[in-house]
Every structure is written in C-alpha cells, then in structure tokens.
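Please prepare a careful briefing on the structure shown below, grouped by topic, with the cut-offs behind each term stated where the term is used.

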Amino acid sequence: ISSVPSIEPSYIGQLNSTHVDYLVSFPWWDSRINKTNFLRGTKIWAHPTVRMVQDMIADTGPNDAFIDIGANVGFMTHYAVNSKRPVYAVEPISWNIAKLCEGVRANINRGWVDASIVRENFHLFHAAAGPEFKPVVEITRPSDELGKFDAASLSKDAIAQKDVVTERIPMITVDLLIPNDVNVGAVKIDVQGHEYGVLLGMKKLLSRRVGYPKYVFYEDDGGITKLAGYN
C-alpha cells in the first residue's frame, strides 16, 4: 500500500454510512465532487447499491471475509476494511489501484483503522477475476481524457465509449485467492458483463458446506452480458 504513489487530482471524502466511518479517494469524474464541499468534511451520499452492500457486510460475522470483485476505488472495500473484516479486493485498472491505496492511507492517517489491521486483513490484487488463471489478459477501458474507468471490461464490445485504451493484467479465479479456512460473508461482483465468468471461477467456494457466502451481490445487465459473450 505504501509503495503505490498517489495520483493527482486527489479528492478524499467520507462516504455516508450507518455503521462504520470511512474515507474514499474519489474519481475526478464523480458527480458528487461537484455537490459537496470536501474542505468542510461533509459526508458524501452513498449510492443505494453501496448502502445495500454496507448492510450485507454488517449482517455477516465479524471475522467473515468480504470479497470485492471489480473494487473500483473502494466504495465498498474501505467499509469492510474499517470494520476490521478480512477483505479480498480485485481490481484490474491501475489508476483505481492507486486510488484504493490512497484511501487506505487516508483511513490510517485519520485513525479510523490501524495499519496493523490493514496489514493482516487487506488483500489487494491488481488483476481481473474470471473462470480460469491466465498470466496475461487485456482489459479495455475509456481513455484518460474520458475517465469513468468503472466501465472497463474484458470485452471491448461491452464498452460504450469509442475512445478507449487497453491494460494488460493477469486473470485469476476467486477460488485461487481464498484460503480454505477463511469464512466468507459477502461477495460483490461488478465486472461489466463478465459476472458469470467470475462465478465459474468460484465453484469451490460456492460448493462449501460451511464458511460459504451469506450474500452474493452482482450486477446483471442483459445487454452488456451478451456483448461480453455470455447469454
């Protein structure tokens, strides 16, 4: 975390939460930046989806892991980190990885999470999750000028923007990441049409008789799913 440099511009804000206080390093294109005075430390509203996942995580055991596939800048990851749960976050875009690390450092500096807790519980993977392991795959995202890197996908056809670039990262499976003795409370999957591919790579976890996820929360957009090659 400490070795990943910050990337300007940096907007650190406190996301609204009913359970745990936490900070996020926001994307510069996030519309909430224009609606909130960051200097005053105003809490920034959380999308209803984020609030749902916050509640799901809170409804799991204190030692149950949260798996965030397509973590983006950590709107849900940092909640779980600050609630002192084991966290496994997978994010393919390098810019988002930097923002995730900025967020962790900000939460440590604010005193809302101990660095020792982060070292023990937070596992961050610069990769894409999918149905199998591959040493290198290409992911397509909007260009730096456009931003909105949350629209990145392993399928170029699933990207609405035409001005795009690619990044090369490994593909890993969830089953390769999660030790057998780690209980999982909640899983969030948001990977622009490749959600089913992620599920294929977590058959072992989903087949457990104990320690299996209480919640699996995923995006389902039929049009994007078809563009990604699934039905």
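Is N72 buried or exposed, judged by its relative accessible area? N72 is buried, with a relative accessible area of 13%, where buried means under 20% relative accessible area, exposed over 50% and partly exposed in between, for a 1.4 Å probe and protein chains only. This is a predicted model, in which local features need pLDDT of at least 70 and side-chain atom pairs count only at pLDDT 80 or more, while totals for chains, interfaces and linings use all residues. Residues are numbered from 1 along each chain as its sequence is written, and side-chain values use heavy atoms, with hydrogens and water left out.

**Backbone geometry**

- N72 has a phi near 55°, which is a positive value in a residue other than glycine, and N72 is found in the loop between strand 3 (65–69) and helix 2 (77–82); helices (H or I, at least four residues) and strands (E, at least two) are DSSP runs, numbered from the N terminus.
- Q192 likewise is a residue other than glycine with a positive phi, near 50°; Q192 lies in the loop between strand 9 and helix 6 and is buried, at a relative accessible area of 11%.
- The peptide bond that leads from E8 to P9 is cis, with omega near -5°, and P9 belongs to the segment before strand 1 (11–14).

**Strands 3 and 4**

- Strand 3 and strand 4 pair in the parallel sense over four bridges, two strands being counted as paired if DSSP finds at least two bridges between them.
- Within this pairing, I67 has Y88 in strand 4 as its bridge partner.
- Strand 4 (residues 87–91) is mostly covered, since five of its five residues are buried: V87, A89 and E91 point one way from the strand, Y88 and V90 point the other way, and all are buried.

- Three strands form an open sheet in the order 6-8-7, with mixed pairing. Strand 6 (128–129) and strand 7 (134–142) stand at the edges and have a single partner strand each, so one side of each is left without a neighbour in the sheet.
- Strand 6 runs parallel to strand 8 (residues 164–172) and is joined to it by two bridges, and the bridge partner of A128 in strand 8 is M171.
- I169 has its place in strand 8 and counts as buried at 4% relative accessibility; the C-alpha atoms of I169 and P135 are separated by 7.5 Å, although these residues are 34 apart along the chain.

**Surface patches**

- D150, D190, E219, D220 and D221 form a negative surface patch. Patches are made of residues with over 30% relative accessible area and no salt bridge, like charges being joined within 9 Å and nonpolar side chains (Val, Leu, Ile, Met, Phe, Trp, Tyr) within 5 Å; a salt bridge is a side-chain nitrogen of Lys or Arg within 4 Å of a carboxyl oxygen of Asp or Glu.
- D190, one of the residues in the negative patch, lies in the loop between strand 9 (184–189) and helix 6 (195–200) and is partly exposed, with a relative accessible area of 32%.
- A nonpolar surface patch is formed by L206, V216 and Y218, with about 260 Å² of accessible area together, the areas coming from the Shrake-Rupley method with a 1.4 Å probe.
- Y218 is found in strand 10 (residues 215–218) and is partly exposed, with a relative accessible area of 46%.

Notes:
Lys, Arg positive; Asp, Glu negative; His and termini not counted. Charge placed at Lys NZ, Arg CZ, Asp CG, Glu CD.
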